Amino acid sequence: MRCLLFMLLFAAIGFGAAQKLRDMMYYDFHGTAACFRRHNGTHQFGCSSSRSGSVGVIQFVENEDDIVWLEKNATAGPYMIVLTFDMFTMKTLKRFEDVDVNGVLLYRNTSLDRPTSYSPDDSCPNRYSGYTTCNESWNPHGSSLLLQDWPFPMFYIEDNEVLENVKDCYLRMNVHDREKQNERSLCALEMKSFMFAALNSESCLKRGSSNILYHPTLFCDPIGDQNIHWPVGPMSDDIKNVIMVIAKLDSNSMYDNLVPGAGSTVTAIVTLLATATYLHMLNATISDTNIVFSLLNGETMDYIGSSRLVYDLKEGNFDALKGKTLKLEQISSVIELGQLGEGKIYLHSKNVKDDNPLLTTLKNELKADVLNNSVPPVSVQSFLKENSAIETLVIANHGETFVNNYYNGLLDDAEALDYSSNKTTNLPSSLANIAITLGNALYSITNPGSKPSTENITLIEKLVTELLPCYLESARCTLFSAASRPGTILPNQVLSLYTGVVRSDNAATILTGQLLGLLTGTTYPELNQTSCLEKHFLWMAGYNLTGVCVEATANFSQAKSPAFIIENYDMKSGKYSTWTESVWENLGMRMFLKPSYKVEVLSLGIGIGVSLFTAFIVWRIKANADRIFHSVVNL
Amino acid sequence: MDLTKLPNERKLYLCKWYFYAGFALLPFLWAVNAIWFFKQAFIVPAYEEQKLIKKYVIFSGIGAILSASLYISWIVVFQTQRTHWGEFADSITYLYPAGSP
């Protein structure tokens, strides 16, 4: 018994000691974001570490000389490069491919100025999935970093305290006497971001669904989520044509969970929600022309949402709207809210006649420039791909090139828009103005002759002012709380607008959909939770957070690329989006002191020596066992 | 089992049995047979059954070497060519490597 107790005690001490030893050896990073691997039908993109984690000696690279030193004189490789944004360019990263580099850590000192531009997307986003080949440089700062297969892992930190620790260790151990680095212990990083998938979407999906194994390992998942739709009136037989008002719901970035998409996406979502709410307030009567609002998901990944919508419309499978099925032929025009903001507004029109009343109204009211025959790389491309005669109009804050310097990057946040809910900016009023102008123009189409009442204008401005912080500052805001179930605790952070994989829910999509349902639905204050759910209505917290019953006409539809639902689809054909995301086990990074090569070899040598020595001793003892142990037995 | 303690006809019986069993796609049995009976076939003083045992040991050895070289060549070819064969290689793979093509 006593023996058992001792053993338990010993084990407990041993476990505790092991924990402490581990903590003494490693400094774990928190609040990092990792670059991960994605595939399309033909290639792989992004980063992966080695299976057990990639290790390298820390080296800050601040200028050209540091790179040259790495290329010519470095002796203690492999290295982990620590970079700032101004060095985080395609040219520099490509040079690291040829040096002994095992990983790149990008950091941003939040107390310093942000870089003037950083966009990891293509100069022509969705270059290969538009309705024509893209030769324009829409995104002048686009570096295409997202569209590379990097041979090393990449991480991002912006926590100044963590960065100080890294820098401190680096300055103490690595910097001095650089030529003799390989003779001493050095500060090193270990990055773990091993990606299971490889090659391309086709092979990783096929491998994951192999039917020889009972439980095949999953290697990758199709990227996709849900679209959100709201028709102003129900679809009936009388509807001759439909005007679609669309915006994209997602953005992109290299790093997991850091997809703010403020200027590229949020402003359009907010404007679309405001326009829809405004039309709902105006109580537009729908006779032969209906208006459908759609927020499309996965648009940055080769138009997943819009291509699926168009596919469903074409196949006659689109039944997300109440009433009749909407057909592609019914859609007369598509109006897209592109990147929006303060300042000049541009109208990119295609197939729209100059005297089109909607176009002229928008042009005059918004004092906008009209660019005829112009189609930016946005969702309308999917409609034009199917029907090149469809009227499309893109309302955006840019002409031939984006004014957003951070398109689809992690810096595309509230700060980039110069927005903060605490200070007065023109952003809410600019967006509200677009929403109201567009709403009025649409109202005059459905209700010709009648003038919309002006009493709702201040309500819409207030709505926009309340909507912006929900997406730009924290999801824990009044409107999102009102559109959730009572008692829901929302994350106190900016929601990531990354589309994510089909099989997991996306908070931004669900909250936006619920909110559109609340803003454009009918509330029944007299119904309690039970009777509400019996009628299949939505039970939400409501503005006073006590619970309210809403009959929503807004609805979701699947935004999974047709490539994954068409049987035997040729993934290399390039017709539909084939993006998949790799599966991973963990993403993490830690720092430790790596002994010099000589010490490592010495440790190994001693280990082997001790093993051999003990083997020899045992062998000798065994051979002489009779002589050694015999006498004892005889005693 | 200590072969030296077995009667000679029993040794022959075992050796023969192992040799034939090897044809059931069990080349490892041939290898075992060849090594296990090597002493009995070539080193110990001659006895009546030794001639047959010798024959079985030699053929078992040849079989073992042939199948091993086939096996090793297949492994080498498959491991080096798997990525080039693309879809066909995937269709004959049982466990896919994670994170590499």
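# A tour of chains A and B

Begin by selecting B:Ile92, which is found in the segment after helix H5 (87–91) of chain B. Helices (H or I, at least four residues) and strands (E, at least two) are DSSP runs, numbered from the N terminus. This is a predicted model, in which local features need pLDDT of at least 70 and side-chain atom pairs count only at pLDDT 80 or more, while totals for chains, interfaces and linings use all residues. Residues are numbered from 1 along each chain as its sequence is written, chains are lettered from A in the order in which they are written, and side-chain values use heavy atoms, with hydrogens and water left out.

Helix H4 (residues 50–85) of chain B gives the largest share of the patch, 6 residues.

Now display both chains. In contact (heavy atoms within 4.5 Å) are 16 residues of chain A and 13 residues of chain B. The buried area, meaning the accessible area (1.4 Å probe) that two parts lose on being put together, summed over both, is about 1,100 Å², and carbon and sulfur atoms give 59% of this area.

Select A:Arg207 and B:Asp90, whose side chains meet in a salt bridge (2.9 Å, N to O). The rule requires a side-chain nitrogen of Lys or Arg within 4 Å of a carboxyl oxygen of Asp or Glu, and it finds 2 salt bridges across this interface. Helix H5 (residues 201–208) of chain A supplies the largest share of the side of chain A that touches chain B, 4 residues.

Two backbone features of chain A complete the tour. At A:Pro78, in the loop between helix H2 (64–72) and strand S6 (79–83), the peptide bond from A:Gly77 is cis, with omega near 0 degrees. Finally, select A:Leu199, in the loop between strand S9 (186–192) and H5; phi of A:Leu199 is positive, near 75 degrees. Most residues other than glycine have a negative phi, and most peptide bonds are trans.
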